[in-house]
Each structure stands twice: as C-alpha cells, then as structure tokens.
Amino acid sequence: MEFSVQTANPAKAETACLVLPVYKDSELLPAVAKLDDASERLIGQLLERGDFDAALGNTQLISFAPGLGAERLLLVGLGSRDKCQEAALIKALDAAMGALVKLPVDEASVAFTDVPLERDTAWKARKTLEAAERAVYRFDRFKSAPAPRPALEKITLIVSDAAQASSAQQGARVGVAIGQGINLARTLGNLPGNVCTPRYLAEQAEALGHASKGMLAVEVLDEEALEALGAGSLLSVGRGSAEPSRLIVMQYQGAEDPSEAPHVLVGKGITFDTGGISLKPGEGMDEMKFDMGGAAGVFGTVQAVLAIKPKINAVFIVAAAENMPDGAATKPGDIVKTLKGLTVEVLNTDAEGRLVLCDALTYAERFAPASVIDIATLTGAAIVALGHHATGLLSNDDDLALDVLDAGESAWDRAWHLPLWDEYQEQLDSNFADLANIGGRPAGTITAACFLSRFAEHFPWAHLDIAGTAWHSGKQKGATGRPVGLLTQYLLDREADAEVETETK
C-alpha cells in the first residue's frame, strides 16, 4: 500500500474518497468541522436528522460532496465520545477500510489522526495503514473464478498540524510493514496442507533470504542433519509422514555490533496435525492446517523486520513437521530423546507441538540469546481459558513477560499472563522417562509451558499460546496473522531500549 501525508485543509483535499470519523453524541472533530462548514453543514444535517447513525463501526457513503475537493465522503461511526478508546478506533478503522475497498477508487484520504486518544499520531497512522493492508487482503489462489481485486492502492493521511507529519510518516511506514507481514502470515496459514509442507516453508525462508539482499542468512537443517544433531524429539513427530521434517533458521543482523546478543523467535510449524496415532476427531480436522500458526507468525515478523530494518540482531527459528499416523509413527508410550539429552515419554501423540519446540529451544541456546519467545498453537485449553481475544503468555522471567505484555498493548495484539509455578511441574512426572509430554487435563496450557520451560533454563524465555487467536472458524474461517504485530513491536521496543542504553553510556 502506498501512502502519503497531507497537512492542507481537508475541505480542499482532492481525492476520490475522503474518510471521516464521526461521534454519535458529540461535537464534530476539528477536521470534520472544517468540512462541514465548507459543505453547508452537510454532515451536521445528516446527523441531526438521524440519516446517519454514528454507532461504532457504522458507515455511510455520500457519493457527491458539493463544495469540497473530494468526490465522495465516507462517514464512519466512532460511537460515544466517552467510550472511544483504542479498541473502538481500531474497530472503526476496520469498518472504514472494509467499506473503502468495496468502492471503485484507487486512492483515498483518511482523517483519523485527530481522534483524541492517549496515543500519538504515529500510533494512529500505523493502525490506519495496518487496517488498510488487512482490508485489501484476499486469499483466492485456488478459486477458478477469483473475485475482482480491490482497486485501492494508496492512502493519504490528513494531519491537522505540520509538526505531526513526520510522526505520521514514521507510523504509516511501520503500519504498512506490519500489515504486509500479517498478510504473509495469513497466506501461509490459509494454504492447504498439501501445499504448505515443511519443505515449502523452507523454500519460503530461502526466498526471503534471497530477496533480503544479504540482510537475512538462512540455514535449513534436513532430517539427516537433525539426526546427526540428536534432535530426536522433533524427528519423532514426523516419523509417520511422507513429508520430511525441517528446522529452519533465519538470522538477521541489524545491530552495529555483530556480537550483540540476538533476540530469538521460535515458531511451531506443524503444517498439518492429524493427532498422529492419538487421532483427532474428523469434524473440523481441516482446520489443523492452521497448526503452523506460530511458524506463520515468525515468517510474517521476518518480513516486517526486513522492511523496517531495526538496529538489532534477531534469529528466527521454525520447527516444521507433519504429524501423521502410519506404521512408522510414534506411538503412545514410546520414549524419545531430545536434543538436550532429556528423555520424554510420549503419552499422547497429539501433544506434538512441544516435542518439536523443545529441540528448537535447545538449538536456540547456541546463539547466547538476550531473549527467546516461542509461538505456538499449542493447547485447546488456552481457548477454554481465554477465548479468542487474548494470547496466552507464560514466562520464566517477569521482566520479559512485562515487555511482551507491553508490546501487545502497543500493537493492540494483546496477551494475558498465566502462572508458571513449580507446583505444576510434578504433573509431568513419568515412571519411565525424565518427563511425560502431557500433564493431564488440569491446567493444560500451563503444564504445556512447564514442559517447554525444562528446555529454556539458560535464557530469558516466554511462551505464547496462540491456539485461540491464530485463526477464525466458521463462515469467517481463515488465519488472522496474529501475533505478528506483537512480535514486531517487541523487537522495535528492544531497538529503542538499546538506543537509550547507548545514549546513557
């Protein structure tokens, strides 16, 4: 999505469509009031007569705007002024962009930066462009007759003060990058399991590396390399599949000091999950193509990072496998040896995500990381606990957990902190191995994280369970692209921290 920033009087903005936010029960915003005056109170009269209900998310197109430079006006309801906070603005932006992409316009101007929030101009600009990128997204690769693509190609942000222009430019740039990263994650998640395999993910990593012009170094470990390494837990998950497993490693070096400790993101990449021998029910199993949502989130974050170019070092690891049942598949009761050397009794082959992640976490240790975050569609228990709004967060480091929570709030891609107390660890006790891969029904999300914590003892580590947030079911079925926003913000925050630390030395 192209973008520009304009500080002229919005009444004189020459555009195919001017998008305006309107409160339900209050005075007009300054930019909208200027337009109202220039158009003989066109907007005010609509509101007074009740011809437009400015309830949150409502939209109304005015196809002719006399006295204005705009060809059309698109009014967007903000709801009540006293209830208009971040969530309301984002819902209004989504509604605005959803309506905008249905119009036959290739460019539009948007005047949302005046909406009073405890957020700066850069944040509002960022969320506007992110919403635009998400709105133009279509996944119709496998349709024999795809619908016409949205015409929208450019957004102009209208700011009331020239001093805000630079912040708006910066925010919009980040918004485009994150929006496109979200869309890449959505595409990878939406691809069927017969296309998006571990080898396909490896090819996408190599393509990102090639396109990065040297910014991203890519290494792919095949099954032979993983066998030599001793990654028996990861390999055990793919034993029943004709598709070979892969460990994908992407290294980004943006810090001036190449020895600066990197921040590591680790994604679960189960490209299809039947449950293995512990076979899942058939109903809804098609959605198990989304079980690589953690990997998709990592790929989307890589794309955003390559566009923004933060001055940090980062490593992105994807543990990719397909979990299928056949004569070679791992069986309940089998014992596998992890890369760390711990043995695991596999009580349920449908708890496979932690089996690939544990070896990936051990592999991450070789980078002497400043922090490690793993991302996984790990447990149905996370959906029971948090529904589909918040990502589950567990961590062995309170400072890291707070940093992740802050990043989620900033990106409006929020997480909720769950306990990781030692009392839960005993649920993983095994009579025959160092630990079991499940801990029973109670606290399933927590005991899954307890399992992973055994492999993250030597670095600050956080675990994001995105089982409830990585995709939608039903008529709106499709990948969401979460938590690309959170992860990218986390890395940008670490860049900001490093800059402050440098200035104070």
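These legends go with a set of close-up views of one predicted model.

This is a predicted model, with residues numbered from 1 along each chain as its sequence is written; local features need pLDDT of at least 70 and side-chain atom pairs count only at pLDDT 80 or more, while totals for chains, interfaces and linings use all residues. Side-chain values use heavy atoms, with hydrogens and water left out.

**View A. The largest nonpolar core, seen around Leu100.** The largest nonpolar core holds 60 residues, and Leu100, Phe112 and Ile155 have the most contacts inside it. "Nonpolar core" here is a set of buried Ala, Val, Leu, Ile, Met, Phe, Trp, Tyr and Cys residues joined through side-chain atoms within 4.5 Å. Buried stands for under 20% relative accessible area, exposed for over 50%, and partly exposed for anything in between (1.4 Å probe, protein chains only). Helix α3, residues 86-100, gives the most to this core, with 9 residues. Helices (H or I, at least four residues) and strands (E, at least two) are DSSP runs, numbered from the N terminus. Setting aside neighbours within four places in sequence, Leu100 touches Cys17, Val19, Leu74, Val105, Ala108, Leu152 and Ile155, where contact means heavy atoms within 4.5 Å. A second, separate core has 56 residues, including Phe299, Ile375, Leu486 and Tyr490. As a rule, in soluble globular proteins, nonpolar side chains tend to be buried together.

**View B. Strand β6 and its two parallel partners.** Strand β6 (residues 154-158) has 4 of its 5 residues buried, so it is largely enclosed by the rest of the structure. Strand β1 (residues 2-6) runs parallel to β6, joined to it by 5 bridges; two strands count as paired if DSSP finds at least two bridges between them. In that pairing, Glu2 stands opposite Lys154. Strand β5 (residues 107-110) also pairs with β6 in the parallel sense, over 4 bridges, and here Ala108 faces Ile155. β5, helix α4 (residues 121-136) and β6 make a right-handed β-α-β unit: with the strands pointing away from the viewer, the path from the first strand over the helix to the second runs clockwise.

**View C. A three-stranded open sheet.** Here 3 strands line up as β11-β12-β16, with mixed pairing. β11 (335-337) and β16 (435-436) are the edge strands, each with a single partner, so one side of each has no neighbour in the sheet. Strand β12 (residues 343-345) pairs with β16 in the parallel sense over 2 bridges, and Val344 stands opposite Leu435 of β16.

View D. Searching the whole structure turns up 5 aromatic pairs. Rings of Phe, Tyr and Trp (its six-membered ring) pair if their centres lie within 6.5 Å; planes under 30 degrees apart count as stacked, over 60 as edge-to-face, and the rest as tilted. Tyr363 and Phe367 make an edge-to-face pair, 6.1 Å centre to centre with 65 degrees between the planes. Tyr363 is buried at 4% relative accessible area, and Phe367 is buried too, at 17%. Trp421 and Tyr424 form a stacked pair, 6.1 Å centre to centre with 25 degrees between the planes; Trp421 is exposed, at 53%. As for charges, the charged end of Arg414 sits over the ring of Trp412, 4.0 Å from its centre, and that of Lys340 sits over the ring of Phe455, 5.8 Å from its centre. The cut-offs: NZ of Lys or CZ of Arg within 6 Å of the ring centre and within 35 degrees of the ring normal.

View E. Ala470 sits in the loop between β17 (461-465) and β18 (471-472), and is buried at 5% relative accessible area. Leaving aside neighbours within four places in sequence, Ala470 contacts Thr377, Ala479, Thr480, Gly481 and Arg482. Arg482 is joined to Pro483 by a cis peptide bond, with omega about 5 degrees. Pro483 lies in the loop between β19 (478-479) and α14 (484-504).

**View F. Two non-glycine residues with positive phi.** Glu40 has a positive phi of about 55 degrees although it is not a glycine. The residue belongs to the loop between α1 (30-38) and α2 (42-49), and Glu40 counts as exposed at 68% relative accessibility. Lys213 likewise has a positive phi of about 55 degrees without being a glycine. Lys213 lies in the loop between α6 (198-211) and β7 (216-221), and counts as exposed at 80%.
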